[in-house]
Amino acid sequence: MSVCTELTAPDLMAGVLHRQRTRESSARTYARSFPIVPVRAQGITVEGADGRRYLDCLCGAGTLALGHNHPVVVAAVRRVLDSGAPLHTLDIATAEKDEFVSTLFDTLPAELARGARIHFCGPAGTDAVEAALKLAQTATGRRGLLTFTGAYHGMTAGALAVSGGVAVREPLAAFTGEVTRLPYPYSYRCPFGVGGPQGAQLAAAYAERLLDDPHSGVVAPAAMILEVVQGEGGVVPAPDEWLRAMRRITAERGIPLIVDEVQTGVGRTGAFWAVEHSGVVPDILVLSKAIGGSLPLAVIVYREELDAWAPGAHTGTFRGNLLAMAAGAATLRFVAAEGLDRRAAELGDRMLGQLRALQAEHPVIGDVRGRGLMIGVELVDPAADPDPCGARPAAPDLARRVREECLRRGLIVELGGRHDAVVRLLPPLTLTDEEAGAVLDRLADAVVAAEREHGRARP
């Protein structure tokens, strides 16, 4: 008998969770934070096998731009299935692929789209990062890479090497390439201890002088890779002026600029692509998550003059996911037609304002930041002394408690940032005003409950 028979029975749900704990690897992550068994989902709402309903502000770590099972996505998948089209085609041309590429290029910054090339990668963003790094190294003949503190680009070897998290990198053998880490402008915890625009200016000046110093130890690099908003790094938006400085610095020195928009793309930050806020046009754009309309898909789009690859230079068996291409094209068209990027900007600004009002009442909230519907709430120890920028130490135990209290109230949020002390909100772009209000109400209640418990637990 199938283990899924009468899944809604509490004992069977417990059995599913038990079997997951005993059979899946110790590297599992979200399953530890959310001991639920989803059985149905629509939009922002997920229903568990226990009959409880949750508002999902994780949304596949930003993959579900339109939420769960949006009608245009379901219809696109059904159309392909009903057509009898092949579901696996490697990198062979199909009508579905052609439609996806045309739709994607229509949304890109015009300067990049003109004459651009696209490469379909393995179905995860980390493989697209690998492809971008390899392409830049091939085109320039150089090996070194410039990356930033707080970065997250994936879990495969090259992507992990240019990521900032120490815990996952420490037990592994050293990456053979040369990676130089530059300071990312994180105003609340400024690496220069000044914060604000001055901190971003110092970060830009540091990068430029390091590259021009013949005794810096930095050999001419193959590429610079950055995120417009660091997601896993704690929802840290880069100032537009700093981004323009990075584009100028790299362009003047012939260094390809790679922008990782795996999580920020498709309207998430209030523009269709996050680079559009600053007007920066990268040499290579890394895309995944939302471009597949909830199904696995990853690509890089790049200037054609970089196309120095030989056939087979970067391949993958599952590059030809026609269902993802159809779902992705439908998602891109819907976001563009409905102006969901502009909606994300407007609603995100309102949510940030309400969260800052909450911050004023609760000193455990050290910082509220974000762009569009990519929002972070950093939790701190209010009893500790602040640093020169006014930031207090991170409070990871409190953050975990807030996440638990959110789940108890039917709200799914995840943590990120330094010490996992940032509560992250990644709701679908289809979020209504009413749903946004419910999300913020539940989060506020969770903060109050966790703050009260944290206060009792203090020595």
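The expected span of a helix is taken as 1.5 Å times one less than its number of residues. In the present model, which is predicted, this rule was applied to helix α11, formed by residues 240–252.

Much of the description of α11 concerns its buried positions. D240, W242, L243, A245, M246, R247, I249 and T250 are buried in this helix. An α-helix has 3.6 residues a turn, so residues three or four places apart point the same way. The buried residues of α11 pack against strands β5 (145–148), β7 (223–226), β10 (257–260), β12 (299–303) and β13 (365–371), as well as against helix α10. After α11 comes G254, a residue with a positive phi near 65°.

Within α11, D240 was examined individually. The relative accessible area of D240 is 17%, and because buried residues are those under 20%, D240 is classed as buried. When neighbours within four places in sequence are left aside, the contacts of D240 are with H277, S278 and R371.

At the level of the whole chain, the domain assignment gives two parts: domain 1 comprises 9–63 + 340–457, and domain 2 comprises 72–338. To the contact between them, domain 1 contributes 36 residues and domain 2 contributes 37 residues. The centres of the two domains, taken over C-alpha atoms, are separated by 26 Å.

Surface features were also identified. F192, V194, L202 and Y206 make a nonpolar surface patch of about 300 Å². Of these residues, V194 is placed in the loop that lies between β6 (179–182) and α10 (196–212). V194 has a relative accessible area of 37% and is therefore partly exposed, since this class lies between the limits of 20% and 50%.

A further loop position is G115, which is located between α6 (110–113) and β4 (116–120). The relative accessibility of G115 is 36%, so this residue likewise counts as partly exposed. In sequence, G115 and E305 are 190 residues apart, whereas in space the distance between their C-alpha atoms is 9.1 Å.

Note on methods:
Residues are numbered from 1 along each chain as its sequence is written. This is a predicted model: local features need pLDDT of at least 70, side-chain atom pairs count only at pLDDT 80 or more; totals for chains, interfaces and linings use all residues. Side-chain values use heavy atoms; hydrogens and water are left out. Helices (H or I, at least four residues) and strands (E, at least two) are DSSP runs, numbered from the N terminus. Buried means under 20% relative accessible area, exposed over 50%, partly exposed in between (1.4 Å probe, protein chains only). Patches are made of residues with over 30% relative accessible area and no salt bridge: like charges are joined within 9 Å, nonpolar side chains (Val, Leu, Ile, Met, Phe, Trp, Tyr) within 5 Å. Accessible areas come from the Shrake-Rupley method with a 1.4 Å probe; for residues, only the protein chains shown count as cover. A salt bridge is a side-chain nitrogen of Lys or Arg within 4 Å of a carboxyl oxygen of Asp or Glu. Contact means heavy atoms within 4.5 Å. Domain bounds come from an automatic or database domain assignment.
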